[in-house]
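Dear colleague,

Please find below the structure for your review. My notes on it follow directly after.

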Amino acid sequence: MNRSTFRRAASAAVAVTASVALLAACGGDSDDGDKAAPAGAEKTPASDAPKAAGAADAAFTATHVGGPTTILEIGGARILLDPTFDQPKKYKSGLEKIQAPAFGVDKIGKIDAVLLSHHQHDDNLDDSGRALLKDIPAVYSTPGAQKKLGDHITGMKNWETRELKTATGSITVTAVPALHGPDGVSRGADGEVTGFVLSGKGVPTTYVSGDNASVKVAKEVGDRVKKEIGPIDTAVVFAGAARTPAILKNAPLTLTSKNAALVVKDLNPRKVVAVHTDSWNIYSEDLKSLVKAFEEQGVADKLVDLAPDGSTKPLS
């Protein structure tokens, strides 16, 4: 991948970020407990790193819609991450969406499951995304999300697993720890947040960080996954260093660019899909800064060129 090309694409894709001044800025309830690439786009070259055990030859792709919202085609299923499909608007919570999604709900096609890192914040579940959930066969999230949104949500505690049946077999969905705040805090923003790991026969082992800001937590997840499941093939990293002055004294609520690079350096996946750096006003770091941090840590070759333009990119 030509890094200068990636920088130009990233810069063009990233919206201006700003801070939100109210505690409500991060949202409502607190719960405990095949598209062609755009002209001129470059395809990501295959890594020299060996494929993780269980990696499949079947379709494995990612489509970035905007913010954290991404469609993964993996193991015979199409899985949607943190659905946000509203047009730009301000929310009662204080958040503001400042960039339209690449396409709307009417264009997403068949979705077999949603991985919802948490329900409390508009930038992870907006109005259109919330309305969509009842039409999805399987929605995996936190126990708090199930309590708040209803029993069509499967609430999962850390390290619980569920089997998602697919056209070609099944995917094991494992809920993994996430901390919506930096190392050193006991609790992040507004309660529960979860990450996920997808694995199984013929399924590339894939880590989805969710709104985790802790390098320590990500390392602990990686260590256990490598021991119990095997090497991580692909990591979907939520970055952007989301901040609001009234929560944790403006500390980053998602991974900073530097910390995202450190996480990737430790986990050593074959490929990295970086999202959650655009479209919302609380992200303080963009894709350009993330690319720079990855270059400084020597892991930029793992990045998939995935601007939030709705183009589908191969991961296999």
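The notes below concern one group of strands and then the salt bridges.

Please bear in mind that this is a predicted model.

Strand S7 (residues 138-141) is covered on both faces. Ala-138 and Tyr-140 are buried on one side, and Val-139 and Ser-141 are buried on the other. Strand S6 (residues 113-115) pairs with S7 in the parallel sense over three bridges, and Ala-113 has Ala-138 as its bridge partner in S7. Between S6 and S7 the chain passes through helix H2 (residues 127-132), in a right-handed β-α-β crossover.

S7 is also joined by three bridges to strand S8 (residues 153-155), and these two strands run parallel. Here Val-139 has Ile-153 as its bridge partner in S8. The chain goes from S7 to S8 through helix H3 (residues 143-149), and this β-α-β crossover is right-handed.

The structure contains seven salt bridges, of which three are described here. Asp-127 and Lys-89 form one of them, at 2.8 Å from N to O. Asp-127 belongs to helix H2 and Lys-89 to strand S4 (residues 89-90), so this pair ties together parts that are 38 residues apart in sequence. Asp-127 is partly exposed, at 40% relative accessibility, and Lys-89 is partly exposed, at 32%.

A salt bridge also links Arg-270 and Asp-233, with the closest N and O atoms 2.9 Å apart. The two residues lie in loops, 37 residues apart. Arg-270 is buried at 6% relative accessibility, and Asp-233 is buried at 0%.

Within helix H4 (residues 215-228), Glu-228 and Arg-224 are four residues apart, about one turn of the helix. Their salt bridge has its closest N and O atoms at 3.1 Å. Glu-228 is exposed, at 53% relative accessibility, whereas Arg-224 is partly exposed, at 34%.

With kind regards

Methods
Residues are numbered from 1 along each chain as its sequence is written. This is a predicted model: local features need pLDDT of at least 70, side-chain atom pairs count only at pLDDT 80 or more; totals for chains, interfaces and linings use all residues. Side-chain values use heavy atoms; hydrogens and water are left out. Buried means under 20% relative accessible area, exposed over 50%, partly exposed in between (1.4 Å probe, protein chains only). Two strands pair if DSSP finds at least two bridges between them. A crossover is right-handed if, with the strands pointing away from the viewer, the path from the first strand over the helix to the second runs clockwise. A salt bridge is a side-chain nitrogen of Lys or Arg within 4 Å of a carboxyl oxygen of Asp or Glu.
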